[in-house]
Amino acid sequence: MSSIIAILGDQLNLNISSLKNCDKEKDIILMCEVFEECTTPKHHKKKIAFILSCMRHFADELKNSGFNISYLKLDDQKNTHSFKSEILRFCKKHNTNNVKVTHPGEYRVLQSLNSLANENINLQILEDDRFLCSQDEFKNFAKGKKSLLMESFYRKMRVKYSILMDGDKPIGGKWNYDLENRKPPQKGLKIPSHYQNQPDEITKEVLDLVNQKFGDHFGDIEPFYFAINRKQAVLALQKFIDERLKDFGSYQDAMIEDEDFMFHSHIGFYLNNGLLEPLEVIKLVEEEYKNGKVNINSAEGFIRQILGWREYIRGIYWLKMPQYKELNFLNAKNKLPEFYWGGNTKMNCIKECVRNTKQNSYAHHIQRLMVLGNFALIAGVNPAYVNEWYLIVYADAYEWVELPNVSGMVLFADGGILATKPYAASGSYINKMSNYCQNCSYKVKEKNGEDACPFNYLYWNFLIENEAVLKKNHRMAMIYRVLEKFDGKKIKNIKNDSQKFLNQIYDK
Ligand code: FAD
Ligand code: DLZ
Ligand code: SF4
């Protein structure tokens with residue numbers, strides 16, 4: 001009997017586990033553009049266009065490789081617009097109840113697929129072996145541990161894949177070169193342009209479709225410059241390696257106005273939808289170091305992001321779901337301010353990071369963490385709203401990677417499973433690592449009053465409001481000793497300024 005092999009929009013790789021052992025004569029590959037995925041939640045226009053264009057290009061590649069492919073477009077009359085209903089429709093059409101799929105990247109989708117068993121479908125969910133650590137392997141790593149430190153996981157992965165190793169020792173004598181990776185931006189820094197591709201006919205058709213169907217979604221659809229097939233994604237990667245990798249490490253945390261990509265790779269889109277594979281990227285970067293083209297701080301810093309953070313984040317997601325999504329350790333209650341959707345704000349740092357997000361469906365890590373995330377943390381925004389926003393706006397966002405970064409790394413909503421303390425910071429961090437404050441209506445050096453940078457008083461207000469739970473954290477002890485020295489008047493000013501500012505942004 002033939003099988004239906006469902007390939008989801010983030011599984012666009014010829015080596016994907018569901019295609020292994022495919023019988024090209026009998027099996028039917030099913031790919032479908034569905035409203036349910038485009039509107040749960042209402043994704044950024046550029047993100048939808050990227051995913052659909054890549055899907056259409058990949059379907060052509062499958063066809064050219066001799067696979068028997070059924071591709072459902074969004075405006076196909078027969079399209080029932082959910083993975084589950086389309087799989088059922090195709091099973092009926094081809095008179096089979098055998099379905100194969102590679103493990104999806106979202107708990108919601110996994111649940112929906114699992115429910116096919118109730119419809120008498122024989123569903124095989126195959127391991128997603130694009131990842132370098134399986135779910136079982138991560139479970140074993142986590143077994144019996146109170147805290148799951150990324151650094152110890154990362155070292156295990158370095159040894160497992162023998163990356164940047166000299167026998168059983170790390171090359172250069174150190175596992176981690178993070179201390180060398182904190183250079184602030186410098187005047188006159190030359191940042192090479194990012195990869196830009198011109199839309200072909202397929203992409204142009206998708207851009208029109210997305211404009212037509214999802215015109216009310218957040219974000220700019222043009223200019224559209226993403227790579228949309230494997231060949232182009234490899235070019236984008238190569239451009240990063242040739243031009244930016246050497247400075248990636250040093251300026252990893254730096255931010256400059258109008259420099260939307262800095263020395264980052266912007267390959268997360270392609271790693272997460274299957275156009276690139278993590279191990280090929282890691283090996284290419286290791287090779288650059290071995291050939292003396294880049295320093296160890298850049299090579300190790302970059303490899304850690306993919307071999308360490310990316311795998312660790314995914315491990316946490318599948319270990320802790322579905323409870324993880326409900327966590328709100330700090331009991332944060334506020335709504336997401338309107339300016340996250342491009343509304344008006346005088347805070348230049350937020351304005352810049354939202355502009356990047358809206359234009360490019362991208363922001364680099366430190367913008368996501370220390371500006372947009374930090375503000376949501378210290379303003380007490382409820383994790384559900386913050387998670388929804390991050391999942392909507394970034395073209396590389398799928399729940400397995402978005403949720404632990406937001407709830408764990410940024411909001412401390414998991415109470416310390418992922419990070420040992422909240423990444424809260426005042427304006428002085430943003431001032432040190434960017435030039436945003438130079439063009440801001442607020443004054444970063446002022447701590448209180450009308451003109452003071454809101455990050456300054458909101459930071460202390462956050463510590464005051466969460467004292468009962470955070471003071472116990474030994475990594476917060478030093479900062480709480482500083483707070484103890486504040487007199488009553490200072491505390492009152494912090495609270496008043498914070499309340500006034502929050503009332504203003506929530507129009508109270
Ligand atoms: P680079 O800075 O060049 O890094 C290279 C690669 O390392 C990335 O492409 C990515 O694959 C990996 N990486 C780096 N940091 C992380 C991390 N913390 N978690 C997982 N992978 C990492 N990444 C996503 O892929 N999707 C998301 O939805 C996402 N949401 C985030 C939300 C918040 C609040 C934060 C703080 C981080 C988030 N990240 C997410 C991680 C990181 O910010 C992005 O991977 C990165 O900005 C993508 O841009 P880049 O490809 O230029 O990455
Ligand atoms: C994110 C997304 C979007 C916007 N659209 C589709 C789609 O139309 N068809 C599809 O197969 N996949 C889409 N995706 C990706 C899925 O949401 C993704 O596979 C799940 O979130 C699991 O990671
Ligand atoms: Fe952001 Fe404050 Fe600097 Fe303005 S002064 S850019 S609000 S950190």
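Author: Let's start with ligand 3, whose shell has 10 nonpolar residues, one polar and no charged. Here Ala, Val, Leu, Ile, Met, Phe, Trp, Tyr, Cys and Pro count as nonpolar, Asp, Glu, Lys and Arg as charged, and the others, Gly among them, as polar. Keep in mind that this is a predicted model: local features need pLDDT of at least 70, side-chain atom pairs count only at pLDDT 80 or more, and totals for chains, interfaces and linings use all residues. Residues are numbered from 1 along each chain as its sequence is written, chains are lettered from A and ligands numbered from 1 in the order in which they are written, and side-chain values use heavy atoms, with hydrogens and water left out.

Reader: Which residues surround ligand 3?

Author: A residue is near a molecule if one of its heavy atoms lies within 4 Å of it. For ligand 3, the residues around it include C349, C437, C440 and C453, along with M347, G427 and F455.

Reader: And which residues come nearest to ligand 2?

Author: Ligand 2 has 16 residues around it, and G9, D10, C32, E37 and E106 come nearest. By class, the shell around ligand 2 holds nine nonpolar, three polar and four charged residues.

Reader: Which polar atoms lie by an oxygen atom of ligand 2?

Author: A polar contact is a pair of N or O atoms within 3.5 Å. A polar side-chain atom of E106 is 2.9 Å from an oxygen atom of ligand 2, and a polar backbone atom of V34 is 2.9 Å from an oxygen atom of the ligand. There's a nitrogen atom of ligand 2 too, 2.8 Å from a polar backbone atom of C32.

Reader: How much of ligand 2 does the protein bury?

Author: Accessible areas come from the Shrake-Rupley method with a 1.4 Å probe. Ligand 2 taken alone exposes 480 Å², and the protein buries 99% of that.

Reader: Which helix gives the largest share of the shell around ligand 2?

Author: Helices are DSSP runs (H or I, at least four residues), numbered from the N terminus. α2 gives the largest share of the shell around ligand 2, three residues. The elements that give two or more residues to that shell are α1 (35-39) and α2 (45-64).

Methods: Polar contact = N/O pair within 3.5 Å; in protein donor to acceptor, adjacent residues only side chain to side chain.
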